[in-house]
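Hi,

Here is the structure I promised to pass on. Could you load it next to this email while you read? My notes follow below.

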Amino acid sequence: MPYKEYGINGIANEAVVIWKADSQNETLQNTILPDSCADIIIKFKDLNDTENIDFNHVSILAVGLMTKPKKTLISPDDYYLGIRIKPSFIFDFFENSIHEITNQIIPLNNINKQLSNIILSTID
């Protein structure tokens, strides 16, 4: 699975790392390793046309702090854009709910609807 991280200039570099990954039309097994970070993942399904994104196939997920490796299955045609949140900034994004999603991947809307809506409106 091709994976690439992007640095950000300025103060944002201290808080987050932007990354992308895609399955390249294969079903893949991935392991999320504990790294003391949380992530917000925008998952696109069938992203063939970046000019006309079908938002019925977009999911925004929150990945909690992992205390153990977690295996995930990545389907063909999945494309991920992620924001890895460094430890000292996690509460700025997840407020008091981060402990509720330890070792879990859940819809961001379940814990921070406002942030989920902001992200959707930004990519729309």
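Let me start with Y79, which counts as partly exposed because its relative accessibility is 23%. For the terms, buried is under 20% relative accessible area, exposed is over 50% and partly exposed is in between, using a 1.4 Å probe and protein chains only.

Some ground rules before the rest. This is a predicted model, so to speak of a local feature I needed pLDDT of at least 70 and for side-chain atom pairs 80 or more, while totals for chains, interfaces and linings use all residues. Residues are numbered from 1 along each chain as its sequence is written, and side-chain values use heavy atoms, with hydrogens and water left out.

**Confidence and layout**

pLDDT is the predictor's confidence in each residue, on a scale from 0 to 100. The protein has a mean of 83, with 87% of its residues at 70 or more. Helix α1 (residues 12-15) has the lowest confidence, a mean of 77, and strand β8 (residues 105-107) has the highest, at 91.

There are three helices and eight strands in the protein; these are DSSP runs numbered from the N terminus, helices being H or I with at least four residues and strands E with at least two. Read from the N terminus, the order of elements is β-α-β-β-β-β-β-β-α-β-α. Of the 124 residues, 34% are buried. Taking a contact as heavy atoms within 4.5 Å, residues 24 or more positions apart make up 74% of the contacts with a separation of 6 or more.

**Aromatic pairs**

Back to Y79, this time for its ring. Rings of Phe, Tyr and Trp (its six-membered ring) pair if their centres lie within 6.5 Å; planes under 30 degrees apart are stacked, over 60 edge-to-face, and the rest tilted. That rule gives two aromatic pairs. One of them is F44 with Y79, a tilted pair with 6.1 Å between centres and 55 degrees between planes. It joins distant parts of the chain, since F44 sits in strand β4 (residues 38-45) and Y79 in strand β7 (residues 78-85), 35 residues apart. F44 counts as buried because its relative accessibility is 6%.

**The largest pocket**

The largest pocket has a volume of about 490 Å³. The search ran on a 1 Å grid over the protein atoms alone: a pocket is an open set of points with protein on both sides within 12 Å along at least five of seven lines, a cavity is a set where a 1.4 Å probe fits but cannot get out, and lining residues have an atom within 4 Å of a point. Points are joined across faces, edges and corners, and the volume is the space filled by probe spheres set on them.

Which residues lie nearest its centre? They are W19, N30, I32, I41 and T72, out of 23 lining residues. At least two lining residues come from each of β2, β3, β4, β5 (58-63), β6 (70-74) and β7. By class, the lining has 15 nonpolar, four polar and four charged residues. Here Ala, Val, Leu, Ile, Met, Phe, Trp, Tyr, Cys and Pro are nonpolar, Asp, Glu, Lys and Arg charged, and the others, Gly among them, polar.

**The loop between β2 and β3**

S23, in the loop between β2 (16-22) and β3 (28-32), is buried because its relative accessibility is 1%. Beyond neighbours within four places in sequence, S23 contacts L28, I74, S75, P76, D77 and D78.

Q24 belongs to the loop between β2 and β3 too, and has a positive phi of about 50 degrees although it is not a glycine. At 48% relative accessible area, Q24 is partly exposed. N25, in that loop as well, is another non-glycine with positive phi, near 65 degrees. N25 is exposed, at 59%.

**Two more residues**

S59 lies in strand β5 and is partly exposed at 33%. Leaving out neighbours within four places in sequence, S59 contacts I41, I42 and K43.

L115 is in helix α3 (residues 113-123) and buried, at 17%. L115 touches I40, F93 and L108, residues up to four places away not counted. L115 and F93 are 22 residues apart in sequence, and 7.9 Å C-alpha to C-alpha.

Cheers
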